[in-house]
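Biologist: I am new to this model and would like to begin with a close look at one part of it. Please take one chain as the starting point and then follow its surroundings.

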Amino acid sequence: MTIPVAPLSTAELEERLDEYLDPVLSSRRTAGGLAAALAEFGRSQQEFVLQWVGIIAKTNAELAFQFAAQAPEGLRLMLPDDLESWIIQAMDTYDRMGLYPASAVFHDSATYAVRARTRDSSVTFDDVSGILEIFVRGLSGRALKLQPGEEIYTDTGTLFLPASLARLPNKEGNFRLYKAMAAHQWAQTWYGTFRADLSEVLAGFPDQEKATQLFHALETVRLDACLAADLPGLHRDMQELQNTLGQPAYPDAWNGQLQALRTPGASVQNTIDALRALYGAAIPPPLCYQGTLQAGRAEQVTAQRAAREKDQFRAALARLLDSKEKHAEPAAEPEDESKSRTERLRVERTPDPDRPGRWRYEITIDGRPVAPPKDVRSTMDSIVQDLGDIPDDYLVAAGDGGYQQDGGEKNPDDVWKGTYHEEGAFLYNEWDYRRQHYRKHWCVLREVDVHPLDDGFVSRTRVKYAASIASLRKSFEALRGDERLLKRQKNGDNIDFDAVVEAYADMRHGMEMSERVLTKLRKLERNIAVMFMVDMSGSTKGWINDAEREALVLLCEALEVLGDRYAIYGFSGITRKRCELYRVKRFDEPYSDMVRSRIAGIKPEDYTRMGVTIRHLTHLLSQVEARTKLLITLSDGKPDDYDGYRGDYGIEDTRQALIEAKRDGIHPFCITIDTEARDYLPHMYGAVNWALIDDVRRLPLKVSEIYRRLTT
Amino acid sequence: MDAHAVSTKEYQVKTEPYYEPQGDEIALFEAAYRNQIPVLLKGPTGCGKTRFMEHMAWRLGRPLVTVSCHDDLTASDLVGRYLITSAETAWVDGPLAHAVRIGAICYLDEIVEARKDTTVVIHPLADDRRVLPVEKTGELLEASPEFCLAISYNPGYQSVLKDLKQSTRQRFIAMEFDYPAPELEQRIIVRESGIGLGIAEKLVKFAGMTRNLKGNGLDEGASTRLLVHAAKLMVTGIDPRRACRGAIAEALTDDAEMLAAIIELSASLF
């Protein structure tokens, strides 16, 4: 029997809350009210709230205040598990969007409680987005993004779906509803809902809003008919949803118009005609998967894409012409200017035998067909998907320099020059041990190249360690996978005569003859891929950095002998939004002069945020095929970053990242020179997976030695 | 001397294997054969390379020796080895040596999978020398004009380890295979499985959907072979969705999300 613990009094509660919330309290805003409200609850509930107030206050004191204010309501509405996920949701929201939306989550405890109760049946966007994204891509057409949104509509580039669905009593049903919503939006992009100038058409009606709704209702009829013809199974699912969630009710007077919309080959023009005929009629209630139609936004996105694709297409035509001219012998007669490059181009349109009712496009130059490269083909497909055809003004090859527009990779450095954005970066979660949850997409990591440096560092090192390198090479050579002749095998390439003679003698003596009389040549292959993760934090400045670079030179020399695949990345960064990974050598890169000068170019940078680096390198390493995968860290201290990534927080996140790596079949190992490493490395890497080198000068030789020991 | 002689007849293709030409590949192969030039077939798995070889062997009236290469296949697996019989050793030809002796068509399927030393024995056979040195017996087998070497390889694998060396590929006439055009593919499914044209059409559409996913999480879309499998299951009375799942979706991927999406795609058609 547990002894009931007395609840805390208002005064005690206030004292504790004051401690956490101090920064946001003032003479006019005290914790008194909060404490009074909490005083009614039992001790365990009070402690629960206080604990979380403490945790949240570490992130943001104001948010903690909001939580404390809403906690009594939450306690009344939810069970402890649900409470916790409510809090985590708010903190995730804070991470993503900031204080105001996060407070809104706390204020909205009622909604959250309802959602918690329907959790067994509800489905969230995160549950389904992965599957649906593949699904939509499989259906064909251009790649569409999926995003959660308040409104359910498509702008022809992104499908917006609700953040969660609980309209049906089970998960399966709600997934079907998600699927139907996505399919309906996909159908809009595929069957040409936006091929007409919708905004203009709709603006012609007195009540534009009403016209839009009616148009959408009618267009849905047309799209459903298209789906019924092309994807009967999907159509059946959508029908079932209608049976459960409400059938469309169209007046009898509409029959003629609906018939026209359902005729195969009906286009958006038919829908517009129907709209004109039926405008004024009452709008039928929207179907469960219909969402809304945002003609303006769709047209905006389409226009942007069209402009971009027009450029791409014309640039591609120019490239095609260029390559044609390069290969062709000098033209027999320089034709007059009027028959310019443009006139030689044609896009031939022939009915596609494989897809009745559609066209097949072929580019011809001077009447001869050319096979467009793959990217051009997908551009053409996308143009046709938007416009239904390739208009004549697209058939003008871009002039000189025209195709540099928007081309090429973005320079990662540019990101920091303008306002911050995450395009082209890798986003990784980070483990917050206090919350016992991941902070989603918390770290922004970019790969950049180490600036190569030709200062003779590598050759100096090679001279300095010439003797050591020679002996290292020798000892590594001994490790190299060799062919070995296996004797007395059941299967093999050749006869093991010793065994045969023996077996024969055995047989003569009346004993059973051995089957193992063959030899087999087997190559013992080392199938190892190793990733070196080198600390480039500011604290390595000076001789540690020198030792690291020397160690890398020696390692490379040794590994080249061994033939193991290896990659080297340096890491550093400042704050979660600027984690940087410096490429020194990728797996598929040879140990070239370039790599050597990059090793020389490794220099101390900023801080050490290890978790995100490990996660990214794990990702890279898991793409390599090898029996044994190693992730070796060279470090000089604890994980440490500017924005609170230190102490237990950094250590726990690093540990979590290493656990994830192990789950992917990667063996992490750490070589450190931090004499205090005993205190935290075993916790992070495990009892045996680390080595401490107490004398920095010995680092270069030790690293290779440790590597040899590790892999034999 | 042959301890394990396989008669030429066993390799003869007796009845005409069903094959729908995709283009001029039959004429090209015949021309290569007449000129004694070896042939390299490129293309994704299950698009009809092996069937094409069977068909050509039948057409040319030559025995066909097929070797499916695997990563432990060595040169001596192809050329031959000594075996021990009662108190003596006997030489047994490997499939390649046998094919050379009987003037057959030797088809090495997925050649890049085999050990690197196999290319050494192929090279002298694949140029104008047309000989197979049998190191262990000291023989030099000369190929008769009827002999033909064909290899296949799938360029879709993006592994550096599984690439064909230039010195090998430049000995062959290369023929590219791809999945047949939709109408042709439907005809093949109908013919191979006996299923109705309507279902075959849906299957081809479904295959198209999975091929849209190539490079976006799938290494390869559904092959014609898988479609035939699915169709056969359906003819036997299996529910179409179940058949697509078993024959196609599960065969393509193990990734749970991808699998779920592919199953949804098949469900949207049937």
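What share of the 270 residues in chain B do buried residues make up?

Modeller: Buried residues account for 45% of the 270 residues in chain B. Here a residue is buried if 20 or more other C-beta atoms, placed from the backbone, lie within 10 Å of its own, exposed if 12 or fewer do, and partly exposed in between. The model is predicted, so local features need pLDDT of at least 70 and side-chain atom pairs count only at pLDDT 80 or more, while totals for chains, interfaces and linings use all residues. Residues are numbered from 1 along each chain as its sequence is written, and chains are lettered from A and ligands numbered from 1 in the order in which they are written.

Chain B holds 12 helices and 9 strands; these are DSSP runs numbered from the N terminus, with at least four residues (H or I) for a helix and at least two (E) for a strand. Of the contacts in chain B between residues at least 6 apart in sequence, 70% link residues at least 24 apart. Two residues are in contact when their C-beta atoms, placed from the backbone, lie within 7 Å.

The contact between the chains takes 27 residues from chain B and 21 residues from chain A. On the side of chain A that touches chain B, the elements giving two or more residues are helix 8 (125-139), helix 12 (232-245) and helix 20 (497-508) of chain A. Helix 8 of chain A provides the largest share of that side, 7 residues. By class, this side of chain A has 12 nonpolar, 4 polar and 5 charged residues; Ala, Val, Leu, Ile, Met, Phe, Trp, Tyr, Cys and Pro count as nonpolar, Asp, Glu, Lys and Arg as charged, and the others, Gly among them, as polar.

Helix 8 of chain A also meets helix 9 (residues 171-190) of chain A, the two axes coming within 10 Å and crossing at roughly 35°. Axes are lines fitted to C-alpha atoms, for helices over the stretch in contact, and angles run from 0 to 180 degrees between N-to-C directions. Residues of helix 8 of chain A, including Val128(A), Leu132(A) and Phe135(A), meet residues of helix 9 of chain A, among them Phe175(A), Tyr178(A) and Trp186(A). This contact has 9 nonpolar, no polar and 1 charged residues.

The largest nonpolar core has 82 residues, and those with the most contacts inside it include Tyr178(A), Ala182(A) and Trp186(A) as well as Leu203(B), Leu227(B), Ala230(B) and Ala231(B). A nonpolar core is a set of buried Ala, Val, Leu, Ile, Met, Phe, Trp, Tyr and Cys residues joined through C-beta atoms within 7 Å. Helix 9 of chain A gives the largest share of this core, 9 residues. Trp186(A) touches Val136(A), Leu139(A), Leu144(A) and Leu159(A), leaving aside residues up to four places away in sequence. A second, separate core of 69 residues includes Ile528(A), Leu552(A), Ile666(A) and Leu681(A).

Val444(A), in strand 9 (residues 437-449) of chain A, counts as buried because 21 C-beta neighbours lie inside 10 Å. Val444(A) and Cys579(A) are 135 residues apart in sequence, yet their C-alpha atoms are 6.0 Å apart.
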